[in-house]
Amino acid sequence: MYSLLGAGLHGINGINPLLSYKLWRTYVIPRMLYGIEILNITKTDIQKLEAFSEKTFKQILSLPQRTADAAIYILLGAESIEQLNFRNSRENTKENRKFPYLFDGELKKSLLVMGALHGTTGFYKSPSSKGLLTATLLSSFALNFPFQQYRHYFWYNPHLIVEKQQLWRIFSSKVAYLDLKDMCCCSILMYYFRIFERRYGSRKFLSYMLSTAIISTALELSVIYLFQHLQIKLQPLPSGPLCMLYPLFIPYYCEVPRVVFGHIFGIPMTGKSFHYILGLQIASQRIIKLPFVGCFQGYCGKLIS
């Protein structure tokens with residue numbers, strides 16, 4: 001829009017307001033609303049777009065910002081963002097009926113997935129994921145570099161938990177990743193799994209993470225005591241909040257459709273392959289299958305929900 005100011009798209013000493021509005025409809029609106037049909041747009045987002053449009057209309061008409069919004073729509077014969085979005089959606093519905101083979105269910109699901117995964121970068125509408133990721137990165141960095149002398153307090157050692165009754169290690173072992181490989185891989189996965197907070201909402205997402213952490217930890221302890229009863233010696237287990245991470249693979253598998261991008265040696269590669277490879281990398285070389293425990297808990301939670 002600002003590139004059109006030189007052509008006279010402004011209210012003072014500019015071109016005719018109706019012509020300015022036509023330029024707005026021709027060049028600005030298509031770029032502003034591009035792809036809005038496949039994004040999860042809320043009412044607040046629509047209001048922000050309308051506030052920006054109304055401010056621009058008042059500048060085109062050389063009216064003060066306190067002018068009633070209804071007046072500028074009448075003077076320009078303009079449509080609101082909500083009306084334009086509704087009309088575009090209705091036109092897409094007509095296209096669906098006219099060309100059903102171009103708008104099948106799989107294509108729509110693929111577009112929704114790509115919009116959810118790559119449409120918005122950063123931690124937009126995911127403050128809980130941002131806080132969890134920041135906290136684990138800071139604690140992991142601190143224990144791996146400046147405060148290495150305190151690392152032994154955060155070991156997830158089944159022998160110390162069962163034989164020495166150091167139950168506090170159950171909680172301290174979830175604070176930070178003591179392995180740099182786990183820290184890097186889990187941080188990337190947590191960043192990608194932020195899409196569930198946008199879908200569920202922060203409150204439901206936190207409740208889900210807390211419940212899965214508690215149940216997964218209980219299942220881990222059950223497996224540890226079972227191995228102890230069978231006199232199977234266990235080595236120290238990986239530290240970090242893996243009990244929150246691995247259950248998320250179940251809704252990720254069930255709710256996010258696969259979008260095939262190509263094939264490598266006949267194996268289909270999808271937008272989810274990289275995340276599964278990271279999960280397998282974390283799960284490799286483990287004495288006890290804690291990832292299996294976490295995924296089992298996530299599957300049970302999926303059945304209950």
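Mentor: Residues 205–227 are 100% helix and 0% strand, with end C-alpha atoms 33 Å apart. Helices here are DSSP runs of H or I with at least four residues, strands are E runs of at least two, and both are numbered from the N terminus. This is a predicted model, where local features need pLDDT of at least 70, side-chain atom pairs count only at pLDDT 80 or more, and totals for chains, interfaces and linings use all residues. Residues are numbered from 1 along each chain as its sequence is written, and side-chain values use heavy atoms, leaving out hydrogens and water.

Trainee: What does UniProt call residues 205–227?

Mentor: The unreviewed UniProt entry annotates 205–227 as "transmembrane region". UniProt positions follow the numbering used here, feature names are shortened, and annotations may be inferred rather than shown by experiment.

Trainee: What span should helix H11 have?

Mentor: H11 has 28 residues, 202–229, so at 1.5 Å a residue it should span 40 Å; its end C-alpha atoms are 40 Å apart, which agrees. The expected span is 1.5 Å times one less than the number of residues.

Trainee: Which residues of H11 are buried?

Mentor: Phe205, Tyr208, Met209, Thr212, Ala213, Ser216, Thr217, Glu220, Leu221 and Ile224. Buried means under 20% relative accessible area, exposed over 50%, and partly exposed in between, using a 1.4 Å probe and protein chains only.

Trainee: Why would a helix show spacing of three or four?

Mentor: An α-helix has 3.6 residues a turn, so residues three or four places apart point the same way.

Trainee: What follows H11?

Mentor: Gln231, with a positive phi near 60°. Gln165 also has a positive phi, about 55°, although it is not a glycine; Gln165 sits in the loop between H7 and helix H8 (169–172).

Trainee: Is Cys184 buried or partly exposed, and what about Cys243?

Mentor: Cys184 is partly exposed because its relative accessible area is 44%. Cys243 is buried, at 4%.

Trainee: Where is Tyr150?

Mentor: In the loop between helix H6 (127–144) and helix H7 (158–162). Tyr150 counts as partly exposed because its relative accessibility is 40%.

Trainee: And where is Ala68?

Mentor: Ala68 is in the loop between helix H2 (43–60) and helix H3 (69–76). Ala68 and Lys58 are 10 residues apart in sequence and 9.6 Å apart in space, C-alpha to C-alpha.
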